[in-house]
Every structure is written in structure tokens, then in C-alpha cells.
Amino acid sequence: MSTTDETQNGDLSEKSGESTRNVGVQSSVNKQVELQEQAEGGEAEDNISSPTAEDKTADSQVYTATSLMLMTKKESGVKTHPLTLDWAFGINPALPVFSLLDQDRLAVLYGCSHVAVIYDHTSSSQHLLQGHCSPISCLCVSEDKRWLVTADKGQESVLIIWDSYTGIPVRTMFDCHPEGGVTAVALSNDSRYLVTIGAGTLQKVCIWDWTNETKDPECQTDINPEYGFQNHILFNPTDSSQLLSNSGSRVLFYTWDKGIMEYSVPEISNKTFNKTVGRLSQSVFHSGGVQAFSVTMAGNLVLWDILKGSATHQNKAMKATKLIPLQKNGITVLTLCDSLIVTGDVKGHVRFYDENFKLINWYSEFNLEAIASISFSKEIPSSSTEGYQEDSTLKTKPFVNRNFVLSTVNAAVVHVKAQGSVAQTLLNEHAESLDAVACHPKQPLVAMGSHGGLLKVWDYENKRVISSRDFHTDKQIQCITFDPQGFYLAVGFASGTVQILDPCTLDPWIPGEESFHYSQDCITHLTFSHDSSFLATADTGRAVTVFHLCKEGSQHVWKYLGRHRSHYKPIQDLLFGVQLDSTQPRLISLGMDRRLVEYDLQNSKKDELLILSSDRIEQSAVPTCMAWYPPLTTEHFLLTASDLYKMKLFNVTTKMCRKTLLGPTYGTPVKKMLTLPPSKDGDPSSRYMAYITQNKVGVHILPLDGNTFKSSALLCHPMGVSSLACSYDGRYIFTAGGMDKTVFSWEISFPALEAAAALGGKELIPFYTLIEGGRDGELFRMMEDLFYYCQLRNQGIDSMETRQVSTHIPLTEVPFVMRALGFYPTEQELEDMQNEVKFSRYAETGKYVTHIDLEEFIKLYVNHRPAFDTSKEDLFKAFQLLGVLNESGQLVMTREELLELLQCRGEPMTEEELAECLMTLPDLGVEVGRSETRTLHCKDPESLLESKLPLNITVDTFATDILGCSSVSQELPPEEGSSSSSILSKAS
């Protein structure tokens with residue numbers, strides 16, 4: 001189940017539960033409104049609580065929750081999903097960090113890819129708020145820290161309001177801004193209203209009464225693009241009918257009432273004060289609600305005041321009245337704490353000013369990078385004011401400040417205790433792309449490295465950092481790996497450098513041997529041999545480099561062995577294995593050139609890495625990754641995956657394709673896979689595999705047979721997953737998200753996976769669901785008819801003898817049945833099918849299989865046929881590669897070019913074969929007939945081809961006049977058709 005499914009089930013599945021939950025939310029919010037209005041001498045007008053509602057709230061977890069429920073709640077030990085998100089390593093430094101608890105417990109909220117994290121530093125625990133399918137683009141917290149809001153910018157954008165006490169999503173709003181998602185969000189001071197800004201080209205501001213179940217906003221307005229992209233918004237704390245937002249150049253002031261929203265845009269530029277204003281960063285209302293402030297990257301503060309003559313409740317016109325140079329450094333954050341104005345700047349300093357902009361206090365000793373956010377505790381420290389700094393030697397109030405949490409642009413989160421100015425680092429994570437992750441082979445340790453040069457080793461059971469190192473010379477860490485013994489940690493950099501470190505200290509394994517630099521290209525793969533005697537690397541230069549562990553005197557040192565550019569396209573995977581007849585290591589690489597290359601390590605010598613064999617393993621598909629298949633049979637296999645959603649098993653000795661299987665089909669092909677170690681708790685004979693696609697992580701039950709119910713996957717990194725690692729005991733999977741600067745830890749539940757697979761049925765039942773119409777459909781009945789017909793055909797159509805009906809057909813009939821079902825395999829694919837059935841029992845019996853029954857044929861058909869039908873987009877892309885543009889801008893191939901491609905490229909066809917194929921196409925107008933036993937015959941194939949094929953063939957001509965399909969260009973998206981010119985020009 002995806003994270004979206006989980007949210008929908010938790011929020012929308014049971015209307016009665018939702019109603020109770022919303023009543024609890026409304027009652028809680030309205031209590032705040034009522035108390036506030038009573039304090040002002042009024043009465044609560046919109047209190048929706050009623051005797052019926054009050055009865056319903058009795059069972060509401062949200063209504064009865066306390067602030068400690070979330071942190072003390074114990075999770076059930078039974079896992080109902082095959083994969084459960086266990087921990088989020090990392091933080092999105094572009095999003096603010098909020099302080100939630102600061103007394104008995106220290107808890108903060110921050111964003112991490114598509115997940116919001118409530119991190120309890122006191123107990124070192126996380127509560128993960130999952131519900132988004134795109135990275136979270138903005139979040140906010142109510143004034144009382146009770147309600148949390150998260151939103152994203154995805155195609156199907158979602159905004160979710162959470163109860164911070166329970167972690168329950170109390171309201172989910174779909175497609176608030178269909179034009180591109182949400183870029184900024186804020187709650188009113190009483191938490192009743194919510195404002196959002198769209199992320200589209202034409203931004204829209206909407207105000208929502210989220211405590212009601214209405215789907216439409218209370219009011220909305222469009223923002224003129226000339227005012228810049230608005231990325232910051234908030235309510236007036238004293239009047240929810242007023243708001244402000246700002247871009248880098250303009251500040252907008254809004255007023256709304258009775259469904260109508262208006263805004264004004266006061267002039268602000270360098271000409272306003274004849275001084276450099278600087279780029280606007282953030283704006284706030286003054287605590288009194290009359291004035292407003294904006295700070296700039298030039299260190300200035302802009303004071304906004306009401307224009308004289310417009311001091312009415314509605315449409316208060318604002319004007320920039322003063323430009324105050326607060327400091328020399330650029331100001332990145334502006335907020336209020338009680339009556340104080342608080343700023344954070346690019347130097348990592350935090351300053352406090354009074355209402356007259358007099359500097360009261362500052363923090364400059366923390367040695368931080370630029371401040372990204374500041375969030376204050378809702379509680380004033382209960383201790384006495386003794387020990388707090390005073391703002392003057394004269395008689396006045398002492399400077400009593402709240403504790404606060406600040407975040408920086410380099411992904412650090414610091415808690416500052418006002419008493420004594422004590423700073424405590426809560427998080428110090430990766431600030432740049434995080435692509436590398438690897439697990440220790442014998443201990444609960446996981447290493448992760450980023451493009452910023454930061455390498456960290458975590459104890460993932462106790463959730464603490466064991467060691468870390470910041471590489472200053474070679475910054476961009478691209479890949480890392482442990483050796484099988486856990487003695488070494490190899491690190492590959494984008495510069496081509498390779499370093500071998502001590503996994504405990506992260507220092508060089510041998511002092512003085514800092515690094516190896518035998519390539520100028522980015523290192524993409526690292527792998528050790530099973531005995532830790534060899535280390536191999538692959539780089540973007542399509543070369544493989546090998547290092548050998550040698551003994552010099554009393555110590556072992558790593559030496560360069562050789563390098564070979566063995567592929568002419570990028571290398572997809574690199575693996576060490578073990579020779580079957582010895583314990584010697586073997587090394588193989590797999591490239592986008594479809595070649596599987598094995599290296600001769602035993603005979604290679606210094607500066608000469610030899611190739612033992614090079615085999616082409618795919619005809620049209622592009623292999624994406626490979627792994628050693630566990631010894632589930634007497635035959636040893638190498639498992640590969642391709643971009644056509646297929647997996648293949650190759651004999652490790654002969655490199656023969658022994659089996660083709662339908663792989664996971666979750667939107668994108670498998671890009672990396674690994675077999676999990678045997679489970680110590682469960683059945684040791686049960687084996688499993690983990691894999692990643694473009695943005696999902698999954699697990700699969702072995703052995704592979706094409707049963708889709710044996711696989712489960714869910715969204716892990718919406719922006720793309722870079723790498724995959726597995727813990728030494730097979731309990732956890734770790735995925736690195738690359739650009740989202742995050743590593744996720746996933747706990748595996750094998751019983752849940754097995755239970756999900758059992759729901760799909762036994763034997764052939766799962767495969768019937770993969771056939772159009774299922775067991776009772778027309779396709780299955782056609783298979784049965786063709787099976788009987790093949791027996792008749794094999795025994796002779798004209799024979800008058802008694803028929804021998806059986807449940808098997810000869811293996812030689814398989815190609816004809818496949819074609820009769822609409823699947824036209826190539827000659828290579830037919831050979832793979834024949835070998836798959838022919839050698840299926842050879843290892844056990846020593847005999848070939850010559851016949852196939854219906855059950856085996858169904859599996860063969862499901863696994864070998866294309867995972868998806870050829871689409872019109874595929875046809876259009878083919879013409880983009882093979883055709884040229886004519887005068888009218890259409891993609892065109894000449895008849896001669898088409899015939900040459902069919903007769904000379906790939907598996908060449910003769911003129912007779914071409915003519916036979918064309919004669920079977922009804923749209924060419926060829927009327928022929930043939931008997932059950934004879935094939936089509938054409939006396940003059942060349943004349944037939946010239947007469948029936950047009951001289952110039954466009955994509956529409958090929959689709960409609962030759963294949964008999966509908967027009968291609970009419971059904972393609974406009975942008976795809978219009979891009980053909982640029983694509984072809986690049987190809988040429």
C-alpha cells in the first residue's frame with residue numbers, strides 16, 4: 001500500500017470515524033475562539049458544539065489527547081505491511097524547523113522528502129507523518145503547537161492538517177491548487193483559518209475554513225506575476241482578515257471579508273528611499289497588528305505603516321515609511337517573540353530588538369552557517385529570572401527569553417536554552433545530494449555519503465552516529481561499500497578518486513595512503529571480492545579498474561592491478577562472484593551496450609586487466625542491473641533485469657538464458673536489486689529479494705516465477721532513489737534519495753509479504769489474473785482451442801485415423817501458438833523459449849523436455865510476452881529516431897529506407913518473408929487464401945512490395961494504412977508532437 005493509500009484509509013475510509021474526528025477538531029478550535037472572544041468581552045458566535053457532537057467527541061482520540069500521547073504511544077509489534085518506514089535520516093534544509101515541546105521533552109518538527117518528522121530528542125524517537133506522494137514543499141504550526149500543516153507541489157497535490165498530540169491526519173485536502181501545488185501555507189492565530197499560495201505560474205491565494213467540511217475556499221484571488229513569485233505568507237496575529245506575503249521584490253497586503261479578497265502592493269525599490277533596499281527575505285506584522293516589517297539581504301529593515309486617510313477596517317493601504325539599516329550582514333529570517341523582533345542572518349547570528357529597534361541581545365558564538373528558520377517554545381521557562389541577561393543597568397524589566405530552535409542552510413538544527421545561552425545540536429545532516437549508502441556485513445551499522453563530502457556511520461538500532469568525516473579535497477561522494485569481512489570501507493568520488501578507510505574511525509586504512517586516483521571520471525560502482533582480496537570500480541568513462549590486496553612485509557597494502565575500458569556504453573552494474581570449481585573470485589560487469597563482460601583476474605598483471613569473455617545477453621531490451629541468484633536449484637544462475645520489465649536467469653557457466661520472467665511493474669523498471677540474507681528467525685530455506693525502481697522500493701519472494709502477487713513495493717523517494725542497501729541480518733532496507741538529501745530505513749515483515757502473496761491464490765490462479773478476461777475469458781478459451789488444434793495439426797489435418805488427445809503439445813508448436821495469440825517473438829526470443837522448456841529438468845534428470853502442457857504454456861506466455869502493448873507513443877518515438885522531417889514538418893521514411901531496415905538490420909527478413917507478412921495485413925488490400933497446411937506464396941514479392949507500400953511513409957500512414965490503427969499524431973499530447981523537430985535536430 002502506498003503512502004497515499006495509507007492516508008486515505010486513515011482519513012477517508014470510515015465516514016463515521018471521520019465525522020467524530022472532525023467534531024473533535026472543531027470543538028477544540030472553537031474552544032480557543034470562544035475563550036479569545038470572551039476575553040475581549042464578546043461571545044463565541046460560531047461554536048458548533050452541540051449535545052450530539054459532545055457525545056461523539058467522547059471517543060475521539062483527537063479531542064481527548066494530551067501533548068504527551070504521541071511520544072508515549074507504543075506501536076503494535078505486529079506488522080501488517082511488508083515494508084514499514086522505520087527511520088528518516090536527513091532533513092530538508094529549505095523548510096523551516098518548528099519547536100513543539102520544550103519542557104519535560106524536547107521535540108521538533110521538520111520536513112524530510114515526502115515525510116514530516118516529529119523528532120523527540122529526549123527519547124531519540126521519531127513519529128513519521130506519511131501521506132504525501134511528492135516532496136513536502138511547505139509546512140506550518142499553529143500558535144499553540146497543536147495543529148500541523150503539510151503540503152506538496154506534486155501533480156496530485158495534497159494538503160494535510162495533523163494533530164500533533166496523536167499524529168492523526170484530521171483533514172486531507174486534495175488539489176487545493178491544481179495548477180502546481182502549494183508553495184506557502186499559514187494558520188491564523190486562532191487556528192481557524194488556513195491560507196495557501198499556489199505554486200503555478202499564475203499564483204492564487206486561497207483562504208480555507210478547514211474546520212468545516214466544505215471543499216471550496218472562503219475566498220481567493222489571483223496574483224499578478226509582475227509582483228514576483230510569492231513564497232512567504234502569514235496572518236495578522238490580531239486580525240485574521242488581514243494577511244501579508246512577499247516575494248524577493250514586493251510585499252502584498254491582503255484584506256478579506258464575506259468571500260471577497262483584495263490586496264494592495266505598496267511601492268518599494270531603491271528609488272523609494274534613494275538607498276539600496278536589497279532582496280526581500282521575510283515579512284511579519286507588528287505584535288500590535290498595525291505596522292509590518294520586512295527584512296532584506298542587504299541587512300535592512302523596511303517599516304510599513306498605514307497610509308493616512310485609509311485607517312478603516314477594510315482595505316488598509318500600507319506604505320513603506322522607513323528603511324532602517326539593522327546590520328551589515330544579510331538577514332534571512334524575521335520573526336517575533338512576545339514584543340521582541342528577532343532576526344537571523346547569513347553569518348549564523350541571532351539578534352533581538354525591542355519595538356524601537358534597539359539591540360537587546362544577540363547570539364554570535366555558535367559558529368553556524370546562514371540561519372534558515374527560528375522557532376520559539378510556547379512556554380516561558382519556569383525557573384526564576386536569575387541568571388538571565390538584563391537589557392540595561394537602569395531599573396527596567398530583565399531580559400527573559402524563551403528557548404528556541406533554529407535551523408541552518410547546511411541542514412543543522414540547534415536548540416538554544418535561553419538560560420545560560422547553551423546551544424545543543426539536535427541534527428547535523430547532509431546539505432547536498434545524498435547518493436551513497438552501504439551496510440556493515442556483521443554489525444548494525446549503516447554508512448552514508450553525500451556530494452557535500454560528509455560521510456557518516458550510524459548505529460541504526462540505537463539511532464546514534466558512530467563516526468563522521470568531512471572530506472574537503474574530494475567533496476562529492478558518489479558510492480560507498482564495505483568489504484564482506486567488515487575490515488574496509490571503500491569510498492568513490494565524482495573526481496575519480498577512490499579511498500579505502502577504516503570503517504570505525506573513517507581514517508585511511510594505512511596512514512599515508514590517502515587515496516587512489518587512476519581515473520578522471522566519476523566512480524559509479526564499488527565492489528569487493530568475497531575474500532576481500534580484490535576491489536573493483538566502474539566509472540562514467542565506461543572503464544573497470546581493479547585493485548589487489550598485497551602483503552608487503554608485515555602488513556597488507558592495496559595496489560593498483562589494472563584498468564580496462566570494456567564497454568562502449570555506460571556500465572550498469574559490477575559484481576564479484578566465486579568460481580564454481582574453486583574459491584577463486586570472478587568479476588563481471590554489465591553495460592547499457594547489452595554486453596556481459598567477465599574479467600580474467602588470475603592471468604591479469606600490473607597495468608593489464610584481461611577480459612575472459614564478452615557476451616551479448618539482450619537483443620532489444622537494455623539491462624539495468626544484476627545479482628547472483630541464491631542456490632535454490634542445482635543449477636547456478638545470474639539474475640538480470642531490463643528496461644522492458646523482464647528478469648532473466650543466465651547459466652553462470654555457459655551464459656545461456658535459462659529463464660525469462662515478468663518482473664515488478666510499478667511504473668518504472670527495476671534499477672537495482674539484491675538478494676537478502678537468509679532469515680534467522682523464519683524458514684532458512686525461504687529467500688527474498690529487495691529492489692528499487694525510479695522512485696519505489698520493494699521486496700519479492702523467491703524463487704521467481706512471474707507471479708506478481710509475490711512482490712510488493714511502495715513509494716520511497718518521489719524525486720528518485722539513488723541506491724539500495726540491506727542490513728546484515730536482512731531485517732532492514734536502506735534507500736538513498738539523492739536530491740532529497742535523505743536516507744530511509746525500511747523494516748521488512750516477511751510474514752506480511754507471504755500473507756499478501758497467499759491472497760493471490762495458489763498454482764495457476766495468480767497467472768489467470770494476468771490474462772485478459774481471466775480463467776473464464778475469451779483469451780483462455782482460445783488457448784485451449786489452439787492447444788487441441790496443435791495436436792490435430794501435429795497428427796495431420798487430413799488424417800482419418802483415431803485422434804490421440806493429450807494434455808501436451810510438441811515444443812516445436814510453441815512459436816505458432818504464440819503468434820496465433822497475437823505475440824510475435826523474434827527468432828532469439830523463440831530460441832530462449834525453446835531452451836527454457838528444453839533444459840528445465842536437465843540438471844535433475846539429464847534429459848531434455850520435448851513437450852509442454854497448458855499450465856506451463858500459460859506461464860511461458862505471461863512471462864515472455866511484452867509487459868505492456870506497443871503504444872502509439874512508441875511508434876512515434878521510432879519515427880523520431882528513423883525518419884526525417886519533410887517540407888510540411890512531418891516525420892517521413894521512404895519505402896526504400898523502410899525495406900532496407902527490415903531486410904538488413906536486427907534479424908533480417910527476406911523479400912518473401914516481407915511479402916508474406918504484408919499479405920496478411922488487411923489494410924493493404926491483398927486478397928489471398930491458404931489452406932490449413934500451406935503457407936502464403938507470392939510469385940513476385942518485389943513487385944508486391946513496390947505496389948502496396950507508398951513511396952513516402954509518415955507515422956500516420958504507417959499506423960492507419962499499413963497496420964490498420966488509428967492516427968498517431970491526433971492522439972499524442974501537443975507537446976510531444978511539437979517536440980519532434982528539436983529531437984530530430986539533436987539526433988542528426
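A charge is taken to sit over a ring if NZ of Lys or CZ of Arg is within 6 Å of the ring centre and within 35 degrees of the ring normal. In this predicted model, arginine 146 lies over the face of tryptophan 147, at 4.8 Å from the ring centre. A further case is arginine 775, whose charged end sits over the ring of tyrosine 768, 5.6 Å from the centre of that ring.

Pairing between aromatic rings was examined next. With ring centres required to lie within 6.5 Å, the count comes to 41 aromatic pairs. Phenylalanine 352 and phenylalanine 376 have ring centres 6.0 Å apart and planes at 70°, so this pair is edge-to-face. Because phenylalanine 352 belongs to strand β24 (residues 350–353) and phenylalanine 376 to strand β26 (residues 371–376), the pair ties together parts that are 24 residues apart in sequence. Both phenylalanine 352 and phenylalanine 376 are buried.

For tyrosine 488 and phenylalanine 528, the ring centres are 6.3 Å apart and the planes stand at 15°, so the pair is stacked. Tyrosine 488 is found in the loop between β34 (477–482) and β35 (489–493), and phenylalanine 528 in strand β38 (residues 523–528), so parts that are 40 residues apart in sequence are tied together by the pair. Tyrosine 488 has 5% relative accessibility and therefore counts as buried; phenylalanine 528, at 6% relative accessibility, also counts as buried.

Ring pairs also link residues into a cluster, made up of Trp87, Phe89, Tyr119, Trp458, Tyr460, Tyr732 and Phe734.

Key
Residues numbered from 1 in each chain as written. Predicted model: local features only at pLDDT ≥ 70, side-chain atom pairs only at ≥ 80, totals over all residues. Heavy atoms only, no water. Phe/Tyr/Trp six-rings, centres within 6.5 Å; stacked < 30°, edge-to-face > 60°. Helix = DSSP H or I, 4+ residues; strand = E, 2+ residues; numbered from the N terminus. Buried < 20%, exposed > 50% of the residue type's maximum accessible area, 1.4 Å probe, protein only.
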